[in-house]
Amino acid sequence: MEKGHGCSFSGIVSTSTFSCTIVVVTLILVRILYVILWGPRPFSRRATKPLSTLIVLGSGGHTAEMLNLLVVLQKDRFTPRFYIAAATDNMSLQKAQLLENNLTAKNGTRVPNTAQFMQIYRSREVGQSYVTSIWTTLIAMIHALWLMIKIRPQVILCNGPGTCIPICAIAFLFKVLGIRWSSIFYVESIARVRRLSLSGLLLYKFRMADQLFVQWPQLQRKYPRATYVGRLM
């Protein structure tokens, strides 16, 4: 008799556990669907509050293109600004500091009040083996988690460097968990004429970017969820 009761109790527990798992998985899927469908909606033009903005810089042409975009950015609305570059990339942050200093000279404000400059570990260095990159990617994800908790940006701007992937992944996870809603805007490099970069492709396929902009019409035809904005350089 006791054995029968034991089996019955185990069966009830197993059924309850299975039911709870189904409910949790369903809720997570519904939340992910909500994030994906709600994310692409544009900001309200009536909003007047400034938006804390995280800007991801990359070496070489990525930084040049991003700084070109920032020239026309509404600085009073997208503030404070947090610039992030790879730990081995000092040149990009120097260029961003120069941009902010020029802006400060015009407006008479202090840079620390409107902009901060940070570095993040790279997921993978150029030429690094994929085996060892597993460990460096894990470190980069942990570092990105710490930065996202510290900064808690409302807007993320990026345009190609692999440095943006851990940050965007953490931002997407935060949205799903309801921790923080960070709108992710990705602008593909003008050098990408026929296909997206690996960073752009990952953000597109996994729907992490709220809006993904391309600078060539054939790219928009190949990736219909992208938005064609013309050449920005």
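Reader: Which residue stands opposite Phe213 in β7?
Author: Thr227 stands opposite Phe213. Keep in mind that this is a predicted model.

Reader: How many bridges pair β6 and β7?
Author: Two bridges, in the parallel sense. Strand β6 covers residues 211-214.

Reader: What is the strand order in the sheet?
Author: β3-β2-β1-β4-β5-β6-β7. The sheet is open, has seven strands and pairs in parallel.

Reader: Which are the edge strands?
Author: β3 and β7. Each of them pairs on one side only.

Reader: And the whole chain: how many helices and strands?
Author: Eight helices and seven strands. Of its 233 residues, 41% are buried. Among contacts with a separation of 6 or more, 70% link residues 24 or more positions apart.

Reader: On to β1. Are its faces covered or open?
Author: Both faces are covered. Thr53 and Ile55 are buried on one side, Leu54 and Val56 on the other.

Reader: How many bridges join β1 to β2, and how many join β1 to β4?
Author: β1 and β2 (residues 81-86) pair over four bridges, in the parallel sense. Thr53 stands opposite Arg81 there. Three bridges join β1 to β4 (residues 155-158), also running parallel. Leu54 has Ile156 as its bridge partner in β4.

Reader: Which helix goes with β1 and β2 in a β-α-β unit?
Author: Helix α2, residues 61-70. The unit is right-handed.

Reader: Now the packing. Which residues touch the most other members of the largest nonpolar core?
Author: Leu54, Ile84, Met148, Ile156, Cys158, Ile167 and Leu203. That core has 34 residues. Helix α6 (residues 164-177) gives the most to this core, with nine residues.

Reader: How far is the C-alpha atom of Phe117 from that of Ile84?
Author: 6.1 Å, though the two are 33 residues apart along the chain. Phe117 lies in strand β3, residues 115-120.

Reader: Why does Phe117 not count as buried?
Author: Its relative accessibility is 24%. Buried needs under 20%, so Phe117 counts as partly exposed.

Reader: And why does Cys158 count as buried?
Author: Because its relative accessible area is 1%, and the cut-off is under 20%.

Reader: Change of topic. Which residues does UniProt list for "transmembrane region"?
Author: The unreviewed UniProt entry lists 12-39, 130-148 and 154-174.

Reader: What is the helix content of 130-148 in the model?
Author: 100% helix and 0% strand. The end C-alpha atoms of that span lie 26 Å apart.

Reader: And what about 154-174?
Author: Residues 154-174 are 52% helix and 19% strand. There the end C-alpha atoms are 11 Å apart.

Methods
Residues are numbered from 1 along each chain as its sequence is written. This is a predicted model: local features need pLDDT of at least 70, side-chain atom pairs count only at pLDDT 80 or more; totals for chains, interfaces and linings use all residues. Side-chain values use heavy atoms; hydrogens and water are left out. Buried means under 20% relative accessible area, exposed over 50%, partly exposed in between (1.4 Å probe, protein chains only). Two strands pair if DSSP finds at least two bridges between them. A crossover is right-handed if, with the strands pointing away from the viewer, the path from the first strand over the helix to the second runs clockwise. UniProt positions are given in the numbering used here, feature names are shortened, and annotations may be inferred rather than shown by experiment. A nonpolar core is a set of buried Ala, Val, Leu, Ile, Met, Phe, Trp, Tyr and Cys residues joined through side-chain atoms within 4.5 Å. Contact means heavy atoms within 4.5 Å.
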